[in-house]
Amino acid sequence: MNRLTGKTALVTGGSRGIGRGIAERLGREGALVAVHYAKDDDAAKQTVAAITDAGGRAFPVRAELGVPGDVEVLFAALEEGLRAERDSTTLDIVVNNAGVMGGTAPEQITPEQFDRLIAVNAKAPLFIILRALQLMPDGGRIINISSALTRMALPQELAYSMSKGALEQLGLHLARHLAPRGITVNTVAPGITDNGSEMLQQPEVREAMAATTAFGRLGEPADIAAAVAFLAAGDGQWLTGGVLDVSGGTLLG
Ligand code: NAP
């Protein structure tokens with residue numbers, strides 16, 4: 001479990017839900033983790049504390065994504081945190097996990113909602129990666145969190161799925177572009193995963209969602225984190241440009 005000792009990692013949206021699971025796992029694997037978030041200071045503090053209490057190293061980075069200047073704010077705080085912890089701004093691993101959902105019928109989608117989904121779920125990851133490349137050594141790892149919804153139809157998540165489709169294209173094309181530097185770019189596509197939201201605590205909702213997976217249960221953040229940790233570690237060197245379905249076999253048939 002110490003595959004990432006000496007590495008540094010940025011996990012966007014690392015304070016809650018799936019991102020928290022990823023941040024904790026990378027921390028347990030030995031990475032110094034920048035736990036990024038938008039607003040919820042307490043959640044970020046709790047995640048950092050969970051990592052440090054387990055013997056790892058982490059610090060919080062606050063920056064709202066999808067607004068002008070977002071990437072500059074994020075990297076100013078990230079570099080400050082890295083310097084304080086390590087005296088260097090080297091960034092080995094980027095996990096683009098922060099995302100917003102849609103939940104709107106196709107006829108009700110507004111241009112503003114669409115722009116927001118694209119800005120947070122697709123545009124921010126692109127410019128985060130481009131900025132991160134200034135800090136990333138050869139052999140770095142980039143992992144983008146998409147959704148199993150890019151391969152199944154759910155009309156109220158049309159705009160969300162379009163934004164995740166764009167994110168998957170980002171992974172494909174950048175994987176080829178960055179291969180000469182030994183940097184891998186992969187996409188992890190979770191299915192329904194218990195992020196602690198109220199909706200997913202309702203027994204009837206859990207039961208219905210669980211029935212869509214091959215294993216008959218919801219995904220847990222740790223399930224997604226295990227796949228991310230594999231891609232982030234040295235053993236993932238021959239995997240790039242891929243989309244890993246981590247949905248517990250949702251709607252396998
Ligand atoms: P979540 O529990 O809602 O947590 C979202 C995280 O992202 C929080 O840390 C939040 O910070 C941050 N965030 C949200 N909007 C942001 C913004 N505009 N700028 C900066 N940070 C922002 O999310 P989740 O359910 O774990 O989902 C994580 C990722 O997995 C997303 O990309 C989602 O699309 C994908 N996914 C989730 C599921 C699922 O069933 N949960 C399934 C498939 C894919 P604050 O709390 O401070 O706002």
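Around the ligand there are 29 residues, the closest being R16, K39, N97, Y160 and N195; a residue counts as near if one of its heavy atoms lies within 4 Å. Keep in mind that this is a predicted model, where local features need pLDDT of at least 70, side-chain atom pairs count only at pLDDT 80 or more, and totals for chains, interfaces and linings use all residues. Residues are numbered from 1 along each chain as its sequence is written, and side-chain values use heavy atoms, with hydrogens and water left out.

By class, that shell splits into 12 nonpolar, 11 polar and 6 charged residues (Ala, Val, Leu, Ile, Met, Phe, Trp, Tyr, Cys and Pro are nonpolar, Asp, Glu, Lys and Arg charged, the others, Gly among them, polar).

Now look at the backbone. A backbone N or O atom of K39 lies 2.7 Å from a ligand oxygen, one of I18 sits 2.8 Å from a ligand oxygen, and for A38 the distance is 3.0 Å. On its own, the ligand exposes 910 Å², and the protein buries 90% of that (Shrake-Rupley, 1.4 Å probe). Which elements give two or more residues to the shell? They are α1 (17-28), β2 (32-37), α4 (111-132) and α5 (158-178).

Zooming out, the protein has 7 helices and 7 strands, taken as DSSP runs (helices H or I, at least four residues; strands E, at least two) numbered from the N terminus. The radius of gyration is 17 Å, close to the 18 Å that the globule rule gives for 253 residues, so the protein is as compact as a globular protein of that length (C-alpha atoms; 2.2 Å times the number of residues to the power 0.38).

Definitions and conventions. A polar contact is a pair of N or O atoms within 3.5 Å; within protein, one must be able to donate a hydrogen and the other to accept it, and residues adjacent in sequence count only if both atoms are side-chain atoms.
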